[in-house]
Amino acid sequence: MSFLRSQMNAPSRAAALNSSPKAGSMRTGLGVAGAVLGLALAGSAHLERQSDVAQGVSQAFETVSERIAPSVVRIESGQRTQGGVRPLGEGSGFVLDESGLIVTNAHVVNGADAIRIQLFDGRAVDAELVGKDTESDLALLRVEAEGLVAAPLRSEEPARVGEWVIAVGNPLGLGHSVSAGIVSGRGRTANITTYEDFIQTDAAINPGNSGGPLVDLQGRIVGVNTAVADIRTGGQGIGFAIPADMVAQVTDQLARWGEVRRGYVGVNLREVRDFELARLDYSGASRVAVRSVVKGGPAEQAGLVPGDVVVRVNNRPVTTVQSLMAVVASFAPGTEVELEVRRDQLARKVSVRLGERPQPE
């Protein structure tokens with residue numbers, strides 16, 4: 001019986017113990033200590049995770065920098081004179097093919113008849129100009145050298161806005177340098193060249209970087225660094241690179257023919273204003289109209305007239321003058337294409353056999 005009473009009284013004694021101020025303080029203290037310890041452990045784990053992420057990003061930049069380095073070259077251009085070679089400038093480039101093909105900007109070698117390439121391993125070799133295209137600002141060089149390391153072009157997958165990239169080259173004559181940033185935009189125009197579809201990036205690009213590669217974190221080239229926004233007009237941290245798909249198209253033709261052969265419609269174009277489109281009862285995305293047609297050219301022969309709004313080329317939509325020029329230029333001369341145009345509130349289709357765009361003088 002006493003045992004039963006003892007068991008029956010146990011809850012009462014526990015209640016009495018729990019109700020004592022000293023016991024409550026001990027329990028509260030232990031609870032606070034546990035909570036603080038838990039937060040500390042959670043915070044430590046969070047910091048470790050952040051550190052792991054930061055270390056992973058750092059290692060990615062280190063790895064891609066090491067991977068691309070052997071492919072990047074320094075370029076010095078000059079003109080031969082009776083007294084030797086007069087320097088014109090410096091730039092950057094990269095090895096496109098182990099056979100000795102090197103890509104750079106056309107403006108890096110404009111006017112040069114002496115081109116010197118410094119490879120990553122320190123060797124210096126002379127280069128010959130295979131061809132250049134001032135309308136895209138690309139040039140292709142060739143060197144005779146063993147052990148060249150080519151860098152892959154990412155020409156089938158456009159650069160994605162927000163992805164990490166690095167710019168590699170020879171800024172301000174400092175030698176091999178790497179800067180990091182992201183792709184800030186695509187499809188930009190800067191009124192630098194005839195054909196523009198620039199990648200915009202905030203990776204630092206400086207004089208001497210021209211012609212060097214813009215590279216993704218897998219070591220693939222997404223663009224060729226070409227220009228920066230003028231700081232005198234307020235531009236800061238805005239660089240432009242020619243996208244890899246254009247680089248592939250242009251360098252392929254330069255390697256084959258020493259020049260680029262583009263399709264040609266024979267029209268002068270202009271941007272259309274909204275009130276003009278309203279008169280045509282057109283609410284689509286195109287803002288491209290024919291200003292005039294070249295006499296005797298493909299457009300005149302096909303029946304295009306001033307005022308036609310060009311909507312599509314072979315079912316590929318166009319929105320700006322630059323996009324229409326780029327689409328037409330992507331076709332070989334002699335190709336027959338179908339243009340969808342808006343004329344007098346009606347949609348029409350016009351077949352045009354493309355001519356060859358005259359080479360710039």
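Author: Gly 185 stands opposite Gln 200 in strand β9. This is a predicted model, where local features need pLDDT of at least 70, side-chain atom pairs count only at pLDDT 80 or more, and totals for chains, interfaces and linings use all residues. Residues are numbered from 1 along each chain as its sequence is written, and side-chain values use heavy atoms, with hydrogens and water left out.

Reader: What makes β8 and β9 a pair?

Author: DSSP has to find at least two bridges between two strands (E runs of at least two residues, numbered from the N terminus). β8 (residues 177-188) and β9 have three, in the antiparallel sense, so they pair.

Reader: Why are both faces of β9 called covered?

Author: Phe 198 and Gln 200 on one side, and Ile 199 and Thr 201 on the other, are all buried, meaning under 20% relative accessible area with a 1.4 Å probe, protein chains only.

Reader: How do you know that Arg 74 and Glu 90 make a polar contact?

Author: Their side chains come to 3.1 Å. The cut-off is a pair of N or O atoms within 3.5 Å, one able to donate a hydrogen and the other to accept it (residues adjacent in sequence count only if both atoms are side-chain atoms), so this pair qualifies. Arg 74 itself is in strand β1 (residues 72-81), and its C-alpha atom is 7.4 Å from that of Gly 175, 101 residues apart along the chain.

How values were computed
Helix = DSSP H or I, 4+ residues; strand = E, 2+ residues; numbered from the N terminus. Buried < 20%, exposed > 50% of the residue type's maximum accessible area, 1.4 Å probe, protein only.
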